[in-house]
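Please keep the sequence and the structure at hand while reading.

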Amino acid sequence: MAKTQISIYFVCLASSLILNVLLLRNNVYLGGKGELSWSRRAAEEAEAVAEISCSGHGRTYLDGLVVDGSPVCECNSCFGGPDCSQSLPDCVADVDGGDPLFLEPFWMQNAASSAMLVAGWHRMGYKFPNNSLISQLLEDHIRKIHAIVGNAVTQGRFIVFGAGSTQLLNAAVHAHSLDNSSAPAKVVASLPFYPVYQLQTDFFRSLDFQFQGEAALWKNKSDGTSNFIEFVTSPNNPDGQLRKAVLQGPHVKVIHDYAYFWPHFTPIPAPADEDLMIFSLSKLTGHAGTRFGWALIKDEDVYQKMLTYVTLNTLGISKDTQLRALQLLKVALEGRGRQLFDFGYTTMKERWERLRNALSMSKRFSIQEIAPRYCTFYQAIKDPSPAYAWLKCERKDDKECYTVLKEAGIIGSEGSLFGGESSYVRLSLLKSQDDFDALLHRINKLVTKEDGSKSVI
């Protein structure tokens, strides 16, 4: 009997060992770190879509069109065909808009660290456990990246999240205009200015504020009782210049739009230390479609008014958006920010230099001058790397510069949209490499036609 029990024991032990070996070999751990379970299908689907070749001139997406059961390539400008391999002759260079696709290659290089998979039950409620609408961990990472980059003071500041900077811009105007004034606050900006300032202010048609144009025109006209709200964009969109407020005084409130105040677009001379500063994930990481921005606010009353605006407007920002922003900031913080900003700065600097070289042969077109500056982040003098070229048609006959460029196959943004003269056009340098190459090709053809000079690639 004893021998039988011993035999059974050893058989069970051997079977157990064999089973564990098989489990180890196949990496199966229930509830452990082995093979994926519920997330496997989503991960495999994402990898399968990402691996579809679009010849380097397009992408497939999980939410893209599907034909015959397969995702369809979404081709960049100037390319077509099922796999985007066909170069389209006489293609128009579309450099309107501000999609920051220049950072797409960086995120493809960092696919593993930036990827995220969200469970179907992830944060289904409106608020976090602390009854807040914002992620404390995300707020901590925002404060950390500002500290590392040195572009803004966050100590003693409240933070409000918004659906991109766009929502926060009007939230700030709303907060600054509620002073029980008998007349609406005058909203102003220095020329050329970001068109959304006027478009959004006019769209809401509030009794509390009205857009009143160029800030400098009111510098000596104020009667001392009118309330002003001045937008200051630094570096400026469209010309990339660092700016400060024009108006001063107790009745002036300033909203500082620092969407482009990052080392890949401008040298950082010192941390911004203003009462109200707005930033956007769009121009930091390139994820414009994620729609996430934040405001750093010194005054608690202004903070509460902006928070109320966002809460009533959208009941906070999507938890999925906040999760993705957190994951992206974790990657951006790797190597103390150098990996992301080195890639972005190198790309934008090269594009700026190539465009300047192409236009250096021209007497018909010019772009803005931006001087090298010392950057505290890099601790060195850095060359310009602006997001946009502010191109001017120099000939008197070329009064409508937008039309001149359009006839030459270049679609930019009309200077009049920015409150500027029609002799100016904004050209985006932010888009894909294919978009930039198309722009440079068209610019070279224009310059060559002037006097038969050689093109500069």
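The sulfur atoms of Cys78 and Cys91 lie 1.9 Å apart and form a disulfide, a term used here for a pair of cysteine sulfur atoms within 2.5 Å. The link of Cys78 and Cys91 is left-handed, with -80 degrees about the S-S bond. Since Cys78 lies in the loop between β4 (74-75) and β5 (79-80) and Cys91 in the loop between β6 (86-87) and β7 (93-94), the pair ties together parts that are 13 residues apart in sequence. Strands (E, at least two residues) and helices (H or I, at least four residues) are DSSP runs, numbered from the N terminus. Cys78 is buried at a relative accessible area of 12%, and Cys91 is buried at 17%. Buried means under 20% relative accessible area, exposed means over 50%, and partly exposed is in between (1.4 Å probe, protein chains only).

The model is a predicted one, in which local features need pLDDT of at least 70 and side-chain atom pairs count only at pLDDT 80 or more, while totals for chains, interfaces and linings use all residues. Residues are numbered from 1 along each chain as its sequence is written, and side-chain values use heavy atoms, with hydrogens and water left out.

**Other disulfides**

Over the whole structure, a search finds four disulfides. With bonded cysteines counted along the protein chain, the pattern is 1-2, 3-5, 4-6, 7-8. One of the links joins Cys75 to Cys84, with 2.1 Å between the sulfur atoms. This link of Cys75 and Cys84 is left-handed, at -90 degrees about the S-S bond. Its two ends are placed as follows: Cys75 is partly exposed, at 29% relative accessible area, whereas Cys84 is buried, at 0%. Another disulfide connects Cys393 and Cys401, S to S 2.1 Å. The link of Cys393 and Cys401 is right-handed, with 70 degrees about the S-S bond, and both of these cysteines are buried.

**Salt bridges**

A salt bridge is a side-chain nitrogen of Lys or Arg within 4 Å of a carboxyl oxygen of Asp or Glu. The search of the whole structure finds 13 salt bridges; among them are the pairs in the table.

| Pair | N to O distance |
|---|---|
| Arg143 and Glu139 | 2.9 Å |
| Asp273 and Arg157 | 2.5 Å |
| Arg356 and Glu369 | 3.7 Å |

Asp273 and Arg157 form a salt bridge. This pair links distant parts of the chain, 116 residues apart: Asp273 is in the loop between β12 (252-257) and β13, and Arg157 is in the loop between α5 and β8. Asp273 is partly exposed, with 43% relative accessible area, but Arg157 is buried, with 8%.

Arg356 and Glu369 also meet through their side chains. Here the linked parts are 13 residues apart, with Arg356 in helix α11 (residues 338-359) and Glu369 in the loop between β15 (365-366) and β16 (373-375). Arg356 is partly exposed, at 33% relative accessible area, and Glu369 is exposed, at 58%.

Arg143 and Glu139 both belong to helix α5 (residues 136-149), where a spacing of four residues separates them by about one helical turn. An α-helix has 3.6 residues a turn, so residues three or four places apart point the same way. Arg143 is partly exposed, at 22% relative accessible area, and Glu139 is buried, at 12%.

**Helix α9**

How far apart are the end C-alpha atoms of helix α9? They are 21 Å apart, which agrees with the span of 21 Å that the 15 residues of α9 (residues 300-314) should have at 1.5 Å a residue. The expected span is 1.5 Å times one less than the number of residues in the helix.

The buried residues in α9 are Val302, Tyr303, Lys305, Met306, Tyr309 and Val310. Seen down the axis of α9, the buried residues fall within an arc of 165 degrees, so they line one face of the helix. The arc is that of the directions from the helix axis to the C-beta atoms. The cover over the buried residues of α9 includes β8 (158-162), α6 (164-177), α7 (196-204), β13 (276-280) and β14 (293-297). After α9 comes Leu315, with a positive phi near 55 degrees.

Methods:
Contact means heavy atoms within 4.5 Å.
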